[in-house]
Amino acid sequence: MTSRTFVTVGAGQTAAVAARTLRRRGFDGRILLVGDEPYAPYQRPPLSKEFLAGTDTFDSLEILPETWRADNDVEILTGAEVTRVDASTRSVELAGRAPIQADAVLFATGGRPRALPVPGPRPELVHYLRTVEDAQRLQTALTAGRRLAIIGAGFIGLEIAATAKSLGVEVTVLEAAQVPMGGILGPRIGAEVARIHRDHGIDLLTGVGVDGMRTTADGVVVSCGGGQPIEADAVVIGIGITPNTAVASASGLAVDDGIVVDEQGRTSITGIYAAGDVARRYSTRAGRHVRHDHFDNANKQGAAVANAMLGRDAVNDDAPWCWSDQYDHNIQFLGAATADVVIRGDVDALDFTAFYVDDDALRGVFTVDRGEDVMVGRELLGHRVERAVLEDEDTDLWDLVDTEEAVTR
């Protein structure tokens, strides 16, 4: 029997986890990861934190070290541009290279930062953060006493703000919404996130729209809301990502804010799959197609789709979970935010958990330095839990798991 060949278009976190899962599940065919970056797969979360601060090296970011790849016979083709995948033959076509015939193809092309126009003579002062090169370039701007403007107060913008501040940089963050991440965390908890940064000396300006930006011979000027322009030595634009779907579209796949896939990661064409930031996957839990662009989703969907490629029914439909390290605080968020928030702990001391409830059922959890509450919250999502129990620090929430006190709704 001819050995099968599985190819990933993209060589990031999702592709690496898929390759690792395929080998763990006994797949003995050829595995080839094709990436346009000049690096083997690496972790992106530290790029805005430890790597940006200079405390981590690139070696610490590697997901599939060279020795592991050699031992497990996993190939990586770096610096390669895939132009399309032939839907009828699953031939992966590359610019300037011979095509690769595959039995199954996984699109794991991720996303790219949303860009804003910044005219002027010094484009090198405008930064985004997605790749190792982006982080290395931004590092040169983060020297003590310099001024950094950050557009967008999402996770990436606030992590960069915290790292830059720790290096002695003066930071101004501009956010169009009234509170940072209010659409994700809700207004009350978003306000607490804002407090964390203001207490650390960040000039966080919320409810401020950016009218335009331009570079000058000396720096960057940001015009916002008709007020006084913000002047900085450099600017970082962190307003989310756009899924990389050009190759999928050229290959005839269904695309709608991502590559449209079913709950197992199967695209509209047999033998072609998608996972990670680029995939808009059907979620039975949500009752619709969803696209999540965070590390945990890349891990879980990479593993689940690898199983699907082997004919295994291994759907993962867990509630979304993400985390962020900012200053000396660990922030985690699980599930979905609702208007009704129940607090456990001390908000003023930044040692608390916010439980999001809807009709007395737990829908989401946000924690500051209370990771275990996220773990138990994962077990209690969708269950009825009395507000008084959630608020009571003397109650061990683990006692509610798998008991009659927690009733699924």
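Predicted model: local features only at pLDDT ≥ 70, side-chain atom pairs only at ≥ 80, totals over all residues.
The domain assignment divides the protein into three parts. Domain 1 is made of two stretches, 5–112 and 241–310, while domain 2 covers 115–237 and domain 3 covers 328–402. Between domain 2 and domain 3, the C-alpha centres are separated by 31 Å. Their contact draws on 10 residues from domain 2 and 14 residues from domain 3.

On the domain 2 side, Ile189, Arg195 and Ile196 together provide 43% of the area buried against domain 3, more than any other three residues. As for polar terms, the count of salt bridges between domain 2 and domain 3 is 0, whereas 3 residue pairs are in polar contact, with both residues at pLDDT 80 or more. Two helices each supply at least two residues of the domain 2 side that touches domain 3, namely H6 (182–185) and H7 (187–199). Of these, H7 gives the largest share of that side, with 6 residues.

The aromatic rings come next. A pair of aromatic rings is described by how far apart the centres are and by the angle of the planes. In this model, the count is 8 aromatic pairs. One of them joins Trp321 and Trp323, with ring centres 5.5 Å apart and planes at 25 degrees; since stacked pairs are those with planes under 30 degrees apart, this pair is stacked. Trp321 has 18% relative accessibility and counts as buried, while Trp323, at 25%, counts as partly exposed; the cut-off for buried is under 20%.

A pair with another geometry is formed by Phe333 and Tyr356, which is edge-to-face, at 5.8 Å centre to centre and with 90 degrees between the planes. Phe333 belongs to strand S23 (residues 329–335) and Tyr356 to strand S25 (residues 351–358), so this pair ties together parts that are 23 residues apart in sequence. Both partners are classed as buried: Phe333 has a relative accessibility of 5%, and Tyr356 has one of 0%. Elsewhere, Tyr39, Tyr42 and Phe58 make up one aromatic cluster.

Beyond its neighbours within four places in sequence, Trp398 is in contact with Glu372, Met375, Val376 and Glu379. From Trp398 to Ser268 there are 130 residues in sequence, and the C-alpha to C-alpha separation in space is 42 Å.

His127, for its part, is found in strand S9 (residues 126–127). With 3% relative accessibility, His127 counts as buried. Once neighbours within four places in sequence are set aside, the contacts of His127 are Arg137, Leu138 and Ala141, together with the run of Ala234, Val235, Val236 and Ile237.

Key. Residues numbered from 1 in each chain as written. Heavy atoms only, no water. Phe/Tyr/Trp six-rings, centres within 6.5 Å; stacked < 30°, edge-to-face > 60°. Buried < 20%, exposed > 50% of the residue type's maximum accessible area, 1.4 Å probe, protein only. Helix = DSSP H or I, 4+ residues; strand = E, 2+ residues; numbered from the N terminus. Domains from an automatic or database assignment. Contact = heavy atoms within 4.5 Å. Buried area = accessible area lost by both parts, 1.4 Å probe. Salt bridge = Lys/Arg side-chain N within 4 Å of Asp/Glu carboxyl O. Polar contact = N/O pair within 3.5 Å; in protein donor to acceptor, adjacent residues only side chain to side chain.
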